[in-house]
Amino acid sequence: MDRLAKNSVLDRDGYLTLIRNRDSVREYAAGLATEIKRQHYGDRVFIRGLIEFTNNCRNNCYYCGIRSGNGCVERYRLSPQDILCCADSGYELGFRTFVLQGGEDAAYTDDALVDIISEIRRKHPDCAITLSVGERSRESYRRLKEAGADRYLLRHETVNPLHYKKLHPADMSHANRLKCLYTLKELGYQTGAGFMVGSPGQTDEDLADEMLFLKELDPQMVGIGPFIPHKDTPFCDEKPGSAELTVFLLSLIRLTLPRVLLPATTALGTIDPAGREKGILAGANVLMPNLSPASVRNKYLLYDNKLCTGEEAAQCIECLKSRIAGTGFKIVTERGDYNGKI
Ligand code: SAM
């Protein structure tokens, strides 16, 4: 553990040993990770306002509640005006980063997204705009960046191509997903990769390889959360991932990528009521409360029992503030950009 804290990297065996013996090092790891986080970001926890603007998706990922094959989902799309309204009310609440997330929905063409991004950029020039809309062409990513997008979240889901095949149908390409991440980096986005913890078929070796891959990619953000089954997917009877392992991996990621922007995710808070606080105390420094209109909250269900689906954004933020106050860190409303070289 000390070697990791000193060098910010281990070999595969080193990571594997830590993952397998985590019971004896988890608290020490969390302490080191917290110290490194403080060195780079002080006691600040950044908030991002999440706008889940469409639950239509062309993909049929086996784990995901909004997969195209799930006929039980009531589909919705937010209009550009709805999205702008979410951003405006988020701005009033203090948010300075908006994350536009959705399924891969062809209704949002490049032109349509360019218009939405440009308008948010025009109205809120002091805010960061993050996109999370899946795999697109290089030209599309370029246009969206030019329109004003600053950051892009695209979890690679797994570094192992065979494992990827167990999680996705044959028409989805692992190689393309990874290529997209490198393209986003090349285009100058603050780029976020990530994976689910405990997705069906994942091994400890895969997790060690995830750490090596993250070190090599060197993303500005990493999103990890436990896999949680959704009742209307092929993985409905699979075991969920554990909060305890997720929290430990947050520490390993912080130690491997000291400046990374690292959320304690809603999925972590769903699987363990104190999960987000535990994440913050183990190295995470970002929270992503929901700004979507309450009327669509319960339709963007990637997994069962998702947190905060009935609450208004203002309620969410108050609840998070009081939870985080107990950790000794504090929620701040600044943009919270990556503070290293991109
Ligand atoms: N379409 C975009 C994409 O592909 O990146 C963004 C939306 S996608 C639903 C966001 C993330 O949700 C995925 O990258 C995946 O890791 C996570 N997710 C989906 N189903 C999940 C589940 N059952 N449990 C936990 N996380 C899940």
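Where does Cys308 lie? Select Cys308: the residue sits in the loop between helix 13 (294–297) and helix 14 (313–325). Helices (H or I, at least four residues) and strands (E, at least two) are DSSP runs, numbered from the N terminus.

Before moving on, some ground rules. This is a predicted model, in which local features need pLDDT of at least 70 and side-chain atom pairs count only at pLDDT 80 or more, while totals for chains, interfaces and linings use all residues. Residues are numbered from 1 along each chain as its sequence is written, and side-chain values use heavy atoms, with hydrogens and water left out.

**Stop 1: around Cys308**

Stay on Cys308. It is buried, at a relative accessible area of 18%. Buried means under 20% relative accessible area, exposed over 50%, and partly exposed in between (1.4 Å probe, protein chains only). Contact means heavy atoms within 4.5 Å. Draw a C-alpha to C-alpha distance from Cys308 to Arg297: it reads 8.3 Å, for two residues eleven apart in sequence.

**Stop 2: Thr270**

Go to helix 11 (residues 266–271) and pick Thr270. Thr270 has 19% relative accessibility and so counts as buried. A polar atom of its side chain lies 3.3 Å from the backbone nitrogen of Leu307. Show the contacts beyond four places in sequence: Ile228, Tyr303, Asp304, Asn305, Lys306 and Leu307.

**Stop 3: helix 2 against helix 9**

Two packed helices are described by the angle between their axes and the distance between the axes. Select helix 2 (residues 12–20) and helix 9 (residues 204–217). Their axes are 9 Å apart, and the packing angle is about 125 degrees. Axes are lines fitted to C-alpha atoms, for helices over the stretch in contact, and angles run from 0 to 180 degrees between N-to-C directions. Helix 2 and helix 9 are therefore oblique to each other. The classes: under 35 degrees is roughly parallel, over 145 roughly antiparallel, 65 to 115 roughly perpendicular, and the rest oblique.

The crossing of helix 2 past helix 9 is right-handed. A crossing is left-handed if the near helix is turned anticlockwise from the far one by less than a right angle, and right-handed if clockwise.

Show side chains next. On helix 2, pick Arg12, Tyr15, Leu16, Ile19 and Arg20. They meet Asp204, Glu205, Leu207, Ala208, Asp209, Met211 and Leu212 of helix 9. By class, the residues of this contact are seven nonpolar, no polar and five charged. Ala, Val, Leu, Ile, Met, Phe, Trp, Tyr, Cys and Pro count as nonpolar, Asp, Glu, Lys and Arg as charged, and the others, Gly among them, as polar.

**Stop 4: helix 2 against helix 10**

The crossing is right-handed. Tyr15, Leu18 and Ile19 of helix 2 meet Phe248, Leu249, Leu252 and Thr256 of helix 10. This contact has six nonpolar, one polar and no charged residues.

**Stop 5: Asn70**

Which residues does Asn70 contact, leaving aside neighbours within four places in sequence? Select Gly65, Arg75, His230 and Asp232. Asn70 itself is in the loop between strand 2 (49–54) and helix 4 (80–93). At 3% relative accessibility, Asn70 counts as buried. Look for the backbone oxygen of Gly65, 2.8 Å from a polar atom of the Asn70 side chain.

**Stop 6: Ile331**

Strand 9 (residues 330–332) holds Ile331. Ile331 is buried, at 15% relative accessible area. The C-alpha of Arg44 is 6.0 Å from that of Ile331, although 287 residues separate them along the chain. Beyond four places in sequence, Ile331 touches Val45, Ile47, Leu287, Leu320, Lys321 and Ile324.

**Stop 7: two positive phi values**

Ser8 is in the loop between helix 1 (2–7) and helix 2. Its phi is near 60 degrees, a positive value in a residue other than glycine. Ser8 is buried, at 14%.

Finish at Asp218, in the loop between helix 9 and strand 7 (221–226). Asp218 is not a glycine, yet has a positive phi of about 55 degrees. Buried or partly exposed? Asp218 is partly exposed, with a relative accessible area of 33%.

Terms used:
Polar contact = N/O pair within 3.5 Å; in protein donor to acceptor, adjacent residues only side chain to side chain.
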